[in-house]
Every structure is written in structure tokens, then in C-alpha cells.
Amino acid sequence: MYNILIGGAAGQGIDTTAAILEKLFKVSGYNVFSVKDFMSRVRGGHNFSLIRFGAEAVYSYSNILDGIVALDDTTVELHKEQLKDEGFILCDSKLITTDERAIKIDMKEMAKKIGNPRVAGSISIGAVLKLFNESLDNARKILPQFIKKEYIAMNVEAMEDGYEFVSARFPRITGTYADHMLISGTNAVAMGAIAAGVKFYSAYPMSPSTGIMESIAAKADEAQIVVEQAEDEIAAVNMAIGASYAGVCAMTGTSGGGFSLMVEALGFAGIAEIPLVVIDVQRPGPATGLPTRTEQSDLDFVRSASQGEFPRMVIALRHINDAFYQTMRAFDIAERYQLPVILLSDQYLGDSLATAVPFECSKIKVARPLSDYTGKYLRYKYTENGISPRLIPGKSDQVVIVDSDEHDESGHITEAADVRTKMVNKRMRKLTGLCEELQEPDFIGDEGFDTLLIGWGSVWGALKEAVNTLSKKNKKKYAALVFGDIFPLPQKLLKEKAAKAKFIINVEQNATGQLGKLIREETQIRFSDSILKYDGRQISGEEIVQRVMGGR
Amino acid sequence: MTDSFCTYETAWCPGCGNFAIIDCLKTALEELGKSPSEVLVAAGIGQAAKTPQYINTNAFCGLHGRSLPAAVAAKIANEKLTVVVNTGDGDSYGEGGNHFIHNIRRNVDISHFVHDNQIYGLTKGQASPTSMQGLITGVQVDGNINEPLNPVLVAIASGAGFVARSFSGRKKHLIEMMKQAINYKGYALVDILQPCVSFNKVNTFGWYNKRVYELSNEYDTADKIAAMNMAMQFGDKIPLGVIYKQEKPVYHRKNKVLSDGIPLVDKKTNPQVVRKLLKAYI
């Protein structure tokens, strides 16, 4: 497995160079996993992409590097300590570094000869391909996906020049992933929503959730979806509720700060029993926090957000597959139970890119509301399972009355004590059915463990890698449980595994151990220790190993 | 009036202007030949916002100030619905002020009937965005020091294509304004002057009656500058009628997905399209 870093200032073309390389490696058969680290600024600063690729599945990023593609001196300074002794630093000859591992290419001069200074990126791509013993065939094939027609010829020339300039260094690994997908968490969520039949997506741009809106908007014409950029998050969520009431699958997305604004409407969807899917792509808070970085600190908030009591579901996305299938499932559950479903993602998962088995959109069928009804229609009819018949306004002779006030079965305002109690009970009865549908957490590792690591959401990859490494080092004494469905909390597997564990450690990207708290609340299970990280950077598999082995 | 839109017991004060407004709404809908199931009446929170509770149509009783985004999205989802927002001045211009401005820009084909009594009724008598300066209330104890918002002027300035003012004391006029607004293709505002008999002791029936007058047939509703001047007339004389009207492209015709006229709610997800989209990632 190899690991390279492409770093430089914002605006230097890191994203394009990384995107081309990621695709090239995937097309060559590698399993690819890449993450982005960037600052909240449009130009300058220090940004980088980490691309890991190999013949076996990759689940987490790593900080140990085989190569650095440095677009500026800062990149060399900041990352040379991570580079293996036999690693390389590919850079322009103008860079001042004296590091022995540097391969300096006079890219500026070469690019000038080709006739466009902007082809320097393609020179380095060519050089990287040669270093890893790749051919240029695939590069020629995929370049048109990234570069405008009129510039292809000169970029191919640049790649060839870079390719010729260096000599091969790493053995080529044969992988079997060429026919897999390569997709980001953000795009997987968007595709999941489209596959589920989303017809209306409203949002206010906020990092790191904006990409979902952009991704759906890019396909809106083809997939027949209305994407509306709202004037604020309050409008965004109320629009989604209005559209859902009128009979289309609707979704909104935001990050924590925007979710704060949506909170009243979340409760509205709860009491009015209108299906709603909201994704909170977490970033560190509170308030503006670290806008382009990652954290898992909204769990406490989203599970209790809004005044009063109403059933809801919170699903944490763990990896790229989850991002697709759980987004689809969120619509199904929201529609069938007529309640809000909150998806919890984060910047790390959203911006990371991974190889995945092609998604099947038939795997989950989203149930749709009733289309006919006879007799006197009661929108909020008391039922045994808490789910009342749902009609779409304008689609029958009946009228559909929904209300944010407490209401009787017909939907009209009431202050009657007995109706209030019955209506609360009716809504809460949905939880009985919902709890039967909960998906147990992923169990990673082998039986016979003595230490159980517990996490949720995007720490899945790092935990998976950590358990593999720890088990090799320590005779299989480690296992992990990673929660996707998180509220209501599935308890069966948790109780079973916790009973066997000598030590239980929660691994979370927050300062207070929010999953730990939830588990204590619900099951009285206590943790022996915590591995918490909240510096805005995602924990890696190797960091978990280090913290498990060497104290916290 | 027949009773296809039914009569319900209300929680409004005797003598409230809302009674006349809801009567006019029912009459307007009947005269336009609308059936209850094709009409959606949406509202936020407030006394006026109880309107959807007392009329037999589809009803969306949402959150305070948030009726517009929900109503607009419902219309986006199903353009066959006749969507009417019936809600108050606090809901429309105070808490929902941001949505008021931005939904004018969208120009979704809905009607927005604001029961403008220049006071907060449900919370028992505080100043609203349209309260006059000097109005003494339990909060504005020394009299309201803020200048009133002129919603008609704001709407015209923001680009609304249909802006009218009416008065709950002139039912025939109000019915006519409602019908025109519902028939207008695009966002249509009718600011409805309405006395609050319990809390607004200044802007009473008598006060309005002394001042309101109906615009003559000669008034040119297409002249925007003249309309803004007319909108600014709010004092000893208050003009009633369509202050400004202009045909504009509506949201559904501007939006590429909706422009074919097939309601969004009737469009099905095509698995072939999804499969094709997913292939792009291989």
C-alpha cells in the first residue's frame, strides 16, 4: 500500500492534481482512499490531499508517507517528518529545500516550453505515475474527464515530459478495483437521495454540507429535482416540510450552526408528522467553530434538539457505502413512520473519497404514502402502531389538515387534556415499530477479545484499521463496535459484547464522549477509558493504535 | 354564499375583522369555482393565522413567521393546488420579514393575504411592524418610537408583480381583490386593513372608514413610480385597490424542471437515470 501527499497553497491546483491521480490509480486497479485538509480561505494558506492506494481495501488515512508532491516550501517543511526514508519529495527546482529525498524538476521552464505555465500539475502527475511504475495509457484515457478539450494535447505532452524525467521506483501493485466506483461521501449522500426519489432539496450554503446541494443541483435536470437555495436555514427546512406535506420526498442539509436554526421546524415535523430528512454534516463548533474541519460533536444536540417530546431517528454515516444506503433508508423510514430522520455526517466523511462496490439503487425501496381513502378522513387518526393514514393534498376529494399546534384526529387545534395525552401516546407508539427496525452496530474483530472499542459514524474506518493492527500485534484481543443507527440506540449487540469485554473504550471525535454518555444513559454500561480527539482533524487508525498501546 | 367551505366555531373576539376576511375568502374561492380539495390555505401563528382552522380546505398551520417558505414549497411540489397564505402582520412582516422579501424574488404563484391590524393580537397587544408611531401598548409604554413598515411599498420596491390593499370593512372590494390576486399568475400580496377591537384602540373601524377610498378605474396599475407614490399615501387618505400590477415570469416557468407543466408530485424517479448517474463514478 502506498500513501502520497499533495500539498500547497489554496488556489495552486491541489484539488485537480489529486482528483486526476485518484481516478488514475482507481482505473489502474488500486483501492483508493483519499482525504482533504484545507483552511477556510480561498487563496494561500496550506492545504493538502492525502491519497492512499493499494491492492487491499483501505479504510483510513495514514500520516506515514511514501511521497510528497510539494507545490510550495511550506509543504516540505510541514510534512517531511512524516516521509519514509526511501520516500520522495517531488517539487519544482525553484523550491529551496535541501532534503536528500527531493526530486527537483524544472517544471516552470518545461511548462513554458510547452506553452502554458498551468500544465506544471500534469508534469508532476506524469512523474508520479513513473515513480509508481504506471503506464501513461490510463492517463490519456481519463484526462478528458478533468481537462477542457482544447488543453488536453498540451497536458498530455506535459505528463509525458514529467514521465520521462524520473525513473521508476516502486513496484507496481496489481489490484482488482478498476470496475469499482470512486466516490466522495458528499456525492454518495446526493446519489442516495436521488436514488430514494428526492424531488425537492432546499438548503442554505454552509460548509461542509454545500457539496450535497451542488451535487444534486448538477443532476437536477436529468433526475427531475427542484433544488432551491433558501434565504436562510429556517426557510430551507420549512420549505422541505411544505414540499413533503404536498407529497414529494424532500430533504434539507446543513452543518451544526444551520441545524441550530432549523430546530423549531424539526419539532414541527415531529408534531405535524410530516416526513423529513435532514443531514447535519458536522464541523467543530460551537457557533462558527472551525468551518472547514471535522468533529463529531452534534450527537447530544441533534438527539434532543427542539422543545417538547416527539419520536425521531438519528443515523450516523460511517463510510461511503453507508452514505449512499443510509440516505436512501432515511427517506424510507421518514415516509413510513412520518417523522424526521436526521443523518449525521461530518467534514471528514463528506470530503473523503473511496473505492466502493457499485451501488444498487434497488436495494431499498422507499415506501410512498397512500393515494386513496374512503370514509371521513382523519389525518391524525389514533392507530395501534401510531402511524395515521397519510393523504396528499389535492390528490383526492378529501382535505388534509396539518397543524403545529396540538390537534385532534382531524387536525384541528385542541386544548383538551385527554386528546393531548392520546395524541402524544399515538406519536410515541411509532417508537415501538422503529426500534424493531434498528440496525445493530458493526462488529469488527474476532470473538475472544478483552478490549472493546466503541465508536460511531466516521471513526468506523480508523477503528477497523486499528483493530486489524492491534489484533496482529496483540494476539487478537481487540474488537470494535461502530454505531450507525444511534438514536434510538440499538442495544442487543452492545449488551452482548459489553458483557464479554474486560475493558471498554469509547473512541470519539469530541471532547465529552457523547456516545459514551448516551450508552450510560440507556444501558448503564460504563467505559473504562476514552480516546477523544477534537482538534478539528480526524483520528487515524494508527493514532488509535498508538493511543491504545501507549496511554491516551 | 353556499357552504362548501363550511362554518366553524372560532376563537376570535366578537367584532374582529377576521370574520369578514374569512367570509370574503370563502366567497372569493366559491366565485372562482374552487373546490375545497384543490385549495391549500397556509398560515403561521397568530389570530389571523387561525384562518385555515375555520375553513374547509387543505390546511397547513405552520410555525410563526414561516408560512411563506412552506406554502411556496407546497406550490412548487404541486402547481395544481391553489395556494393562499392567510396570516397576520406580525407573522408576515415581523418574524417572517426575510421570507416576505425573498419570496417576492422567487415569484411562485401564490396569494398572500395579510390581516394587517397593526398590532400583535395573539400575544395581547404589543406593537407590530406596521404599528403607528406613538401607539401606547403594554410594552411600548411611552408610545411606539419605531417607524411603521410600509408593506405595500416594500413589496413594490422588492419587485412583486401584484400588490393590492383592501379593508375588512369593505367586503365587496376585498372579495374582488382576493379574486384578482388568486387569478394573478405569480406572487400576489393583498394587505388587508383590519381593526383589532381588543387591542388597537387607534386604528378602529371608524379610523379606517374615515380614511380609505377606492382607486378609480383611471388609475394606471402598470406605472411603478406612480404606484410607489400611491403606496406612500397612508395617513389622512388611504387608497384601496390594486396599487401595482405587472406580468412577470413565474417560478414554475423559470425553473427548468417544472417548466413542462407536469406537477413535481407527479414526476417519478427513473431508476435508469439513477443507474446512469452512478455509472459516472466508475
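**Chain folds, ring contacts and an enclosed cavity**

Thr7(B) is exposed, with a relative accessible area of 67%. In this predicted model, Thr7(B) belongs to the segment that precedes helix α1 (17–31) of chain B. Tyr54(B) is 47 residues away along the chain, yet the C-alpha atoms of Thr7(B) and Tyr54(B) are separated by 6.7 Å.

Chain B as a whole contains 10 helices and eight strands. Its C-alpha atoms fill a box of roughly 70 × 45 × 40 Å along the principal axes. The radius of gyration of chain B is 20 Å. A compact globule of 282 residues would have a value near 19 Å, so the two agree. Buried residues account for 59% of the 282 residues of chain B.

Helix α4 of chain B covers residues 97–106. Its buried residues are Gly97(B), His99(B), Phe100(B), Asn103(B), Ile104(B) and Arg106(B). Asn107(B) follows just after this helix and takes a positive phi of about 55 degrees.

Aromatic contacts were examined next. Over all chains, the structure holds 28 aromatic pairs. One of them joins Phe167(B) and Tyr208(B), whose ring centres lie 5.4 Å apart. The planes of these two rings meet at 50 degrees, so the pair is tilted. Phe167(B) lies in strand β5 (residues 162–167) of chain B, and Tyr208(B) in helix α7 (residues 205–211) of chain B. The pair therefore ties together parts that are 41 residues apart in sequence. Phe167(B) is buried, with a relative accessible area of 0%. Tyr208(B) is buried too, and its relative accessible area is 0%.

Tyr208(B) also pairs with Trp207(B). Here the ring centres are 5.2 Å apart. The planes stand at 85 degrees, so this pair is edge-to-face. Trp207(B) and Tyr208(B) are both buried.

A charge is placed over another ring of chain B. The charged end of Lys237(B) sits over the ring of Tyr213(B), 4.9 Å from its centre. Chain A has an arrangement of this kind: the charged end of Lys464(A) sits over the ring of Tyr59(A), 5.0 Å from the ring centre. Chain A also carries a cluster of rings linked by pairs. Its members are Tyr2(A), Phe25(A), Tyr30(A), Phe53(A), Phe88(A), Phe132(A) and Phe170(A).

The secondary structure of chain A comprises 18 helices and 21 strands. Along its principal axes, the C-alpha trace of chain A spans about 80 × 60 × 40 Å. The radius of gyration of chain A is 25 Å. This agrees with the value near 24 Å that a compact globule of 552 residues would have. In chain A, 64% of the 552 residues are buried.

Rolling a probe the size of a water molecule over the atoms shows where empty space is left. A search of the whole structure finds one cavity of 30 Å³ or more. About 40 Å³ of space lies in the largest cavity. Its lining is made up of Tyr245(A), Glu273(A), Ile274(A), Pro275(A), Arg379(A), Arg390(A), Leu391(A), Val400(A) and Val402(A). By class, six of the lining residues are nonpolar and three are charged, with no polar residues.

Methods: Residues are numbered from 1 along each chain as its sequence is written. Chains are lettered from A and ligands numbered from 1 in the order in which they are written. This is a predicted model: local features need pLDDT of at least 70, side-chain atom pairs count only at pLDDT 80 or more; totals for chains, interfaces and linings use all residues. Side-chain values use heavy atoms; hydrogens and water are left out. On a 1 Å grid over the protein atoms alone, a cavity is a set of points where a 1.4 Å probe fits but cannot get out, and a pocket is an open set with protein on both sides within 12 Å along at least five of seven lines; lining residues have an atom within 4 Å of a point. Grid points are joined across faces, edges and corners, and a volume is the space filled by probe spheres set on the points. Ala, Val, Leu, Ile, Met, Phe, Trp, Tyr, Cys and Pro count as nonpolar, Asp, Glu, Lys and Arg as charged, and the others, Gly among them, as polar. Rings of Phe, Tyr and Trp (its six-membered ring) pair if their centres lie within 6.5 Å; planes under 30 degrees apart count as stacked, over 60 as edge-to-face and the rest as tilted. Helices (H or I, at least four residues) and strands (E, at least two) are DSSP runs, numbered from the N terminus. Buried means under 20% relative accessible area, exposed over 50%, partly exposed in between (1.4 Å probe, protein chains only). A charge sits over a ring if NZ of Lys or CZ of Arg is within 6 Å of the ring centre and within 35 degrees of the ring normal. The radius of gyration is taken over C-alpha atoms; the globule rule is 2.2 Å times the number of residues to the power 0.38.
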